[in-house]
There are 2 protein chains.
Amino acid sequence: MSKKWTSLLVLFCYLSCGFCGKVTGKVLVWPMDFSHWINLKVILEELHLRGHEITILVPSPSLMMDHTKIPFNVEVLQLSVTKEVLMEEFNTDLYSVIFELPRLSWWDMLTKLAEMNERFFRTLKRVCDSAITNKELLSRLQAAKFDICISDPLSFCGELLAELLNIPFMYSFRFSEGNVIERLCGGLPTPSSYVPGSTTGLTDNMTFIMGKAEMWLIRTSWEFEFPYPYLPHFEFVGGLHCKPAKPLPKLDEFVQSSGKDGVVVFTLGSMIQNLTEEKSNMIASALAQIPQKVLWRYTGKKPDTLGPNTQLYDWIPQNDLLGHPQTRAFITHCGTNGIYEAIYHGVPMVGIPVFSDQFGNIARVKAKGAAVEVDLHVMTTSDLLNALKAVINNPSYKENAMRLSRIHHDQPMKPLDRAVFWIEFVMRHKGAKHLRPASYDLTWYQYRSLDVIGFLLACVATIMFLVTKCCLFCCWKFGKTGKKKKRE
Amino acid sequence: MSKKWTSLLVLFCYLSCGFCGKVTGKVLVWPMDFSHWINLKVILEELHLRGHEITILVPSPSLMMDHTKIPFNVEVLQLSVTKEVLMEEFNTDLYSVIFELPRLSWWDMLTKLAEMNERFFRTLKRVCDSAITNKELLSRLQAAKFDICISDPLSFCGELLAELLNIPFMYSFRFSEGNVIERLCGGLPTPSSYVPGSTTGLTDNMTFIMGKAEMWLIRTSWEFEFPYPYLPHFEFVGGLHCKPAKPLPKLDEFVQSSGKDGVVVFTLGSMIQNLTEEKSNMIASALAQIPQKVLWRYTGKKPDTLGPNTQLYDWIPQNDLLGHPQTRAFITHCGTNGIYEAIYHGVPMVGIPVFSDQFGNIARVKAKGAAVEVDLHVMTTSDLLNALKAVINNPSYKENAMRLSRIHHDQPMKPLDRAVFWIEFVMRHKGAKHLRPASYDLTWYQYRSLDVIGFLLACVATIMFLVTKCCLFCCWKFGKTGKKKKRE
């Protein structure tokens, strides 16, 4: 009988753990602002559609996450600082990164950067403190019995919260340049001989908790990224936010009026609000010289040199415009989201990288022949004009962009479906420990086999020592006998 | 007008390269015998079902590939040696590996192994020569314009043929123990600190052509394998041959007669035909002592100690038996195919590894708590009996086997579908170059950044040399002046 019961029990577990079925679960989200949020939101909407209950922790002064408009359960983390103050601080820093830092001496630049980093991490810490010191919130979250926490390794705290609530967690992330975060916290082996350089720095202190992430959903893929080694608990879901283009009721007249020349779409992303007057005039005068119509997302002062072919907008439906058959090129600051939309729709690019991973991003699409790069700091009107003419008139850029697009679309499963699959997998199985390499449990000297090498060296040294001693003893013995014989 | 034509051309390429559609193609296959063939056949049957034209090159004396029964286009490679001679040679070698080698001294064992390897590779070379020196065959294959060649890195020659015919090729393979082949030929980074040891050896000579493989379809997966780093052009498709169990019309009466105790399935695989009389008697007497009925696939002499609960068979429907609800345990030689069938159906195992990757395989399922290992060379009747009692009566083995089974079934896409997807991908895109890491184009010292380190060391040495020289010069100068002053 006991065997029968065991079999029944096993069968029950088998079925209840969702062997082929679907479970709906409770998802806790520790988000990151800006482009990270744009991307994560798409995953959360899909999870919501599939019946999962989403609860998101949003700081009161978030810049792009308006907690009154988020269609999930929202826990607002009240901070004393207002959104306006934070926005002002952020814009000052960003302006400084783009226009001031490149002109500073090396030493001043490092000092300034460290200062900004300190401010950035201080804000993050304040947000984190507001959550983990709030006992009432914690006990409410504890009582809700979440199945998973989805976090972002750049906006640290999600992993700490998951640890406090004792639930598995996953990261959603764009690969950091040089994979510093993934290498230090995710155990990724990336030979520096062919995986490009680094811009970020984190200490080993974070590894302990961050290394516990069940999976890393990485927002790139191989038609865009340079291939390198990775681990089984990394899933590459780049471009999960891209969709077929919808019609453009408001912009359609302007776009269609471009005729056979088509249009150029231009945006420097959600973070950059304005440029110096000199830069914006220089750019506008380049745009004025092309036969294409230009849609420029720009909220700064209208440049004096703006041509009649160029329209400024506070916001544009970027994905729908890039998917429009009239679109000939995309001028971009090289954020990952925008680049993926251009790849999805096969649009060649002119890249003007501004900060962070944008330099690495343009290097990738340039190497694949789908983009031309111009440098914001030294570019002239003719530089931008020539870059635009190249990507529009030289068919190789369009062909390469279409090749990347074909590869991007030709996947065994859509990136969004894979992201959702693995989140649900972690919920169903209470983790994904079978994907976890043993390297996590090794110290740095064990990982590099230094303990083994050390032991072998010690053995060799001991043997050499003994052999030498034996030889010396024999020589001494032999010498003595020899001398004795001689004396005799 | 030229722009319009360019757009139309691009659109045509876009559609004709099969952006969302399906293409049927011509597949050339360079197979490997035995369990490799069992696995590859499943992929080929699926490709055939999807309308692809398969042509397979089969050596006339193949042991498991009967060219008269293969339902694809077959090109028979005529060899002077007969199937019977090869079988005899093979059985002698196998018997020697299992029963003689372990008793030999270390030196004699190595000599004997080298002899066998030499014989194995000589046969492979003979097969290879029979293909690549046959000009008529080559020109026929050239004329057929294949889209892809599927090969096995152990049965070398497929890559050479693909090179001669100028078509992309892919490998289908079980990971080699210690990943020696994948490391040397596929560029896989596997830190020896946590990726277990090696049994195979290949020279760097093979890298040149083998490194050109577009993709590696690896016949393992992470519920079974210990996780380690891999590269984007490795796809893990372990268990692709497993299927839901079909009814057992012939064996059903015997299986059902086992009642609540159930049955044990026992096979040492397709390669091992017989054991020594002593071993078979020892095994049979252990089997006679369990309450379960036993189905034993064994073509050797019937053991004298065979119990009434045990039936011998020349062949058993292994997958269907393992999927039968009456099955309590699987005694296996730990071949990858059999282990995957046990994982698929959630059956705990008693492993008796015999040679090759079987030792690594049992280590994996043992570590995951789904198997007990016994050593063929030293085991006694009570060892086997205790192992069987453990996996049948201790529920943890069944639970762990079921856990592995749940993970195996819970994949975003079935392994066979993924294997077929990537074969079709390579056909559609004439390769998969976007998955290829740049490490392939580096020399070994570039890969390890020794050129960079060397240059930096040279810089440091030069600076130190100059600084020392300067110091010496200053000291000398200062000393001279000092002496002069003193003298004055």
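These questions and answers walk through a predicted model, its sheets, helices and core.

Residues are numbered from 1 along each chain as its sequence is written, and chains are lettered from A in the order in which they are written. Local features need pLDDT of at least 70, side-chain atom pairs count only at pLDDT 80 or more, totals for chains, interfaces and linings use all residues, and side-chain values use heavy atoms, without hydrogens and water.

Q: In what order do the seven strands of the open sheet in chain B stand?
A: Strands are DSSP runs of E, at least two residues, and helices are runs of H or I, at least four, numbered from the N terminus. Two strands pair if DSSP finds at least two bridges between them. The pairing here is parallel, and the order is β3-β2-β1-β4-β5-β6-β7.

Q: Why is one side of β3 and of β7 in chain B left without a neighbour in the sheet?
A: β3 (73-77) and β7 (234-236) of chain B each have a single partner strand.

Q: Which residue in β2(B) stands opposite V29(B)?
A: Strands β1 (residues 26-29) and β2 (residues 53-59) of chain B run parallel, joined by four bridges. In β2(B), the residue opposite V29(B) is I56(B).

Q: Which residues touch the most other members of the largest nonpolar core?
A: A nonpolar core is a set of buried Ala, Val, Leu, Ile, Met, Phe, Trp, Tyr and Cys residues joined through side-chain atoms within 4.5 Å. Buried means under 20% relative accessible area, with a 1.4 Å probe and protein chains only; exposed is over 50%, and partly exposed lies in between. This core has 214 residues, and the top two are L44(A) and L44(B).

Q: How far apart are the end C-alpha atoms of helix α3 in chain B?
A: The expected span is 1.5 Å times one less than the number of residues. Helix α3 (residues 83-100) of chain B has 18 residues, so it should span 26 Å. The model agrees, with its ends apart by 24 Å.

Q: Which strand pairs with β8(A) over five bridges?
A: Strand β8 (residues 263-267) of chain A pairs in the parallel sense. V263(A) stands opposite K293(A). The partner strand is β9(A).

Q: How many residues of strand β9 in chain A are buried?
A: Strand β9 (residues 293-297) of chain A has five residues. The strand is largely enclosed by the rest of the structure, because the buried ones number four.
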